[in-house]
Amino acid sequence: MDKTTFIKLMDEKMKLIRTEYGLTQDKMAVILGISKKTLIEIEKGRKSLGWTGSVTLASIFSDSTLLRDALGGDISGMIISVAFKDLEVDYPRTWGGRVWWKTVQETDGYRIQQNLISHHYRILDQENRRLFASFSLEDTRAVMDEIQKS
């Protein structure tokens, strides 16, 4: 998934999330920091939340069942993967993939896992710290090979 796809998904889910939380357009606009007019335009598909608005929506409503189902439960991980695509990042410790993840490869305590919904990959170390995230298994395996060499 790239930023464009993520933004489109958030644009499409905004009204459903608003309904899920029982919010009026006025309240949702206040929560997101946009005008009601802009919110209506987004809901009608005439405007977009853009990157920052999409991240705001996903972050504030990270407990949304709709978003968890659409993004595989790991909303912050998804945002990080999209935001830092093709960049090296020092990720914090994770829960180790108890939910939404399957282990694709495990070597010397390092694991490549794939999210069951979004299908992005990550590498975890022995302490469940995320070392890398990508939508490319090939790139993830290349980083895993480099980790194994060091």
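Which residues are buried in helix 3? The views below, taken from a predicted model, take up this point together with the surrounding elements.

**View 1. Buried residues of helix 3.** Leu 39, Glu 41, Ile 42 and Glu 43 are the buried residues in helix 3 (buried: under 20% relative accessible area, 1.4 Å probe, protein chains only; helices: DSSP runs of H or I, at least four residues, and strands: runs of E, at least two, numbered from the N terminus). Their cover includes helix 1 and helix 2. Gly 45, with a positive phi near 80°, follows helix 3.

**View 2. Packing of helix 1 against helix 3.** The two axes come within 8 Å and cross at roughly 115° (axes are lines fitted to C-alpha atoms over the stretch in contact, with angles from 0 to 180 degrees between N-to-C directions). Helix 1 and helix 3 are therefore roughly perpendicular to each other (65 to 115 degrees). Asp 11, Met 14, Lys 15 and Arg 18 of helix 1 meet Leu 39, Ile 42 and Glu 43 of helix 3 (contact: heavy atoms within 4.5 Å). By class, this contact has 3 nonpolar, no polar and 4 charged residues (nonpolar: Ala, Val, Leu, Ile, Met, Phe, Trp, Tyr, Cys and Pro; charged: Asp, Glu, Lys and Arg; polar: the others, Gly among them).

**View 3. The largest nonpolar core.** This core has 22 residues, and Phe 6, Met 10, Met 28 and Leu 57 have the most contacts inside it (a core is a set of buried Ala, Val, Leu, Ile, Met, Phe, Trp, Tyr and Cys residues joined through side-chain atoms within 4.5 Å). Helix 1 gives the largest share, 5 residues. Not counting residues up to four places away in sequence, Leu 57 touches Met 10, Met 14, Ile 17, Met 28, Leu 32, Leu 49 and Leu 67. A second, separate core of 6 residues includes Ile 112, Tyr 121, Ile 123 and Ile 147.

View 4. An open sheet of 4 strands has the order 1-2-3-4 with antiparallel pairing (strands pair if DSSP finds at least two bridges between them). Strand 1 (101-107) and strand 4 (130-134) are the edge strands, each pairing on one side only. The twist averages 20° from one strand to the next. Strand 1 pairs with strand 2 (residues 110-115) over 6 bridges, and Thr 107 has Tyr 110 as its bridge partner in strand 2. Helix 7 (residues 137-149) packs on the sheet, touching strand 1, strand 2, strand 3 (121-124) and strand 4, and its direction makes about 165° with that of strand 2.

**Notes.** Residues are numbered from 1 along each chain as its sequence is written, and side-chain values use heavy atoms, leaving out hydrogens and water. In this predicted model, local features need pLDDT of at least 70 and side-chain atom pairs count only at pLDDT 80 or more, whereas totals for chains, interfaces and linings use all residues.

Terms used. Buried means under 20% relative accessible area, exposed over 50%, partly exposed in between (1.4 Å probe, protein chains only). Angles under 35 degrees count as roughly parallel, over 145 as roughly antiparallel, 65 to 115 as roughly perpendicular and the rest as oblique.
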